Structure formats: structure tokens, C-alpha cells
Amino acid sequence: MDDLRVGLLGAGNIGTVHLQSTRGIDGATVVAAADVVPENRTRAEKQGVERTYEDYTDLLAEEDIDAAIVALPPFLHAEAATAAAEAGCHVFVEKPFARTAEEGQGMVDAADEAGVSIGVDHTIRYQPEVQKLKELYDAGRVGHVPLASIARINNGPFSAPPAREPISGWMLDPDATGGGALMDLGVHLFDVLEWFFGDLTVEYAHVDASMDLPFEDSALVVVSTEAGTQATVSAGFFQWETPPDITGYFRLEGVADTLRSEDHMPGQFMAHAAKSALENVAKRARGQEPAYFKPTYYYQAHYRALKDFLDAVAAGEEPPVNGAAGLRMVEHVETAYEMAEGTAVADRVGANVEADR
Ligand SMILES: NC(=O)c1ccc[n+]([C@@H]2O[C@H](COP(=O)([O-])OP(=O)(O)OC[C@H]3O[C@@H](n4cnc5c(N)ncnc54)[C@H](O)[C@@H]3O)[C@@H](O)[C@H]2O)c1
């Protein structure tokens, strides 16, 4: 079968990660990319993309592509995903799927009407330690899990020190993001909980801010689940994070034992990277396929998420993390914001998104 022809809409931070991932995916090639920033187009060209465009609508009009990756800021997800679907492309959309459930529903409807698949990049479920926990949980290792807790904390819109790049303007604009830490990181965490425990109901939510940002930089949500597990969800933007280390955990308090994500992660990321790189050298020497993204640890998750989507599209199957899932997670965030109403920050976020509708 011919390679899937992929168009990259947005060649910034995560767009570049997806471009690197496709280079390791057999059966898919990024043939064109669009970005408003000339340096980003030049970088994509240097990384092997044949044609670049300033305007993504020109890319969609002129290129014969099978799939589009929407790696644009959230305020452009709805219009770009809808345009891509109407152009007849399958669409892989960055998280958060949309800024509001209303926007997300429009995207799902547009894909249905065009008869194309739509998926979302909920990456944390693809992290190696989370996949290991799923394997152990599904094997019944800890039995029923009455309580779970999941968290992800980073520096949000700010670059880790030393800051080399200016902050992308959209990241400090709640109209562009649709919310703060809960919208940006919470969608990943809700997705992991739904994957493990089935349908979620938001029972309690509170958001707050330690910094003078126009949205919440800390959020705490309690959910109940179809499996009868109660879980806390913590998302925050207040802690410096220097890759390859990332701050987050997932813990399952089962009736038989506890599962902790930390127990299945490299203790030392640099040592893990060096060991994986050496393993790859040995694999090459034996004529075996190297595990390209293993040394980068977290990029494995981005690679697997995109590969899962493209494999499903190539097989004519529904993507495993589809637009309906993207929409549900945005709905949970909206419910949490409504419950947290009354806190100063939630009121500000709610007002901004409301005004934008
Ligand atoms: N899945 C994950 O773990 C993960 C990680 C990081 C970011 N993201 C998501 O990816 C999306 C993009 O984030 P990012 O960090 O790559 O941001 P970014 O600012 O680095 O990239 C966005 C790119 O879009 C380009 N752009 C903006 N308007 C455009 C337009 N009209 N036409 C063409 N290009 C345009 C910008 O120039 C920029 O290069 C966001 O939704 C973010 O939440 C997801």
C-alpha cells in the first residue's frame, strides 16, 4: 500500500515532535506543512518536508493528503479540523480537542458528515509507565481499586529555565486556550481515568491561582467512575520542569495492593537514555529494528499516539482515541469549571470563554 500522505497544520513545538515521529512510522510521510512563522516553515523544510505554506487553508486546497495533524493553538482546532474534514482528510487533533464542548461537537459532526476519522492526542495514556499500570490492573494484580489519584504539574505557559524562547502569545490568552491548567493538562488525566475505570462523573472541583495568570494555575477535581473507583485529579502550572524529568504520578489503591507509576519509570532519565541508545546500537549491529524513541522516554508516548491513529486510518478502523473521547474530556473540564464557579479564577475563565462563543 502507498504511504499515507500527511499534512502538518502548525509546525511549532508539538508539530515538530509529530514531524519527527512520522519519520519513524512506516507507511506515513508528512508531505506538506503550514505555519505562519517563516522560521518554523524553514525548520520543517530542513527536516524533509517538501512544501510549506503560510496559510493552512492553502495547504488543504492544494495538497492531495490523506490525513491532517492539527498542531495549532486551541483557538484554531475547531476551524482547522473542520476545514480538514471538509477537504476529505482524516484528522488528528492536538489536545485539548476544543476550547468548549460546543466547538468539539461541531468538529465531531463535521468529521461524521465528511465520512472521515477524527482522533485526539491524549498522550499520557501512552506513557510507558501508564501502559504498564494498565497491564497490571487488567491482569487483576490489585483487584478492585476503591481510590486512585493522578496528577500532572508543569510550568504551563512559561519555558523552563534558562528561557530561550519567548512565550507563544496564545498561551497567556484564556480566549485562545479555553482555560488554564485544568483544560491544558486535566484532559489528559481524565482520559487516563476513563481508560482504566470507564465513564466518569465529576463530583467536586476547585480551582485556584498562586501566580497572576488570567486562568487557574492549580485545580483539584474529584471524580467517580463506572468501575466504582473514586479518584482525585490534580493539575498545575506552578512548578518548573526541566526535561527529560516530568512531574506527575498515577497511583491506584487496590484492595490487594497499591500500584504506583513511579515504580515503573526510569530512576534516572539520563542513564535510561544512555542505556537505550546503546541497546539501539546493538540492535542495529544485529540487523534488528532500533527503538528510535526509547532514549527520549516521553517522546515514545507522542510517537505511539500518532502511530495508533495512523495505523487505524490505514486499516479503515475507528481511531482508538477518537473525537468523541476528545469531546467527553472537554465536557468534564466544563463541568468542573461550572462546579468551581464562585472562585475568582474560574469566574474569569468562564467569562472569557463564554464571551468567545
Ligand atoms: N499532547 C501533548 O502532550 C501536547 C504537548 C504540547 C502541546 N500540546 C498542544 O499542541 C497545541 C500546540 O501547542 P504548541 O506547544 O506546539 O504551541 P506552539 O505555539 O509551539 O505551536 C503552534 C504553532 O501554530 C502556528 N500557528 C499559529 N496560528 C497559525 C495559523 N493561523 N496558521 C498556521 N500556523 C499557525 C504557530 O506559529 C506555532 O508554530 C496546543 O493545543 C497544545 O495544548 C499538546
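The legends below describe close-up views of a predicted model. Residue numbers start from 1 along each chain, in the order of its written sequence. Because the model is predicted, local features need pLDDT of at least 70 and side-chain atom pairs count only at pLDDT 80 or more, while totals for chains, interfaces and linings use all residues.

**View 1. Domain 1 and domain 2 of the protein.** Domain 1 covers 4-121, and domain 2 is made of 125-266 + 325-356; these bounds come from an automatic or database domain assignment. Taken over C-alpha atoms, the domain centres are 25 Å apart.

**View 2. The contact between domain 1 and domain 2.** Domain 1 contributes 16 residues and domain 2 contributes 18 residues, with contact meaning C-beta atoms, placed from the backbone, within 7 Å. On the domain 1 side, helix 5 (residues 101-114) supplies the largest share, four residues. Helices are DSSP runs of H or I with at least four residues, strands are runs of E with at least two, and both are numbered from the N terminus. This side of domain 1 has 10 nonpolar, four polar and two charged residues. Ala, Val, Leu, Ile, Met, Phe, Trp, Tyr, Cys and Pro count as nonpolar, Asp, Glu, Lys and Arg as charged, and the others, Gly among them, as polar.

**View 3. The shell around the ligand.** The ligand is surrounded by 23 residues, each with its C-beta atom, placed from the backbone, within 6 Å of the molecule. Gly10, Gly12, Asn13, Glu94 and Ser168 are the closest. Helix 1 (residues 13-23) gives the most, three residues. By class, the shell holds 11 nonpolar, seven polar and five charged residues.

Notes. Contact = placed C-beta atoms within 7 Å.
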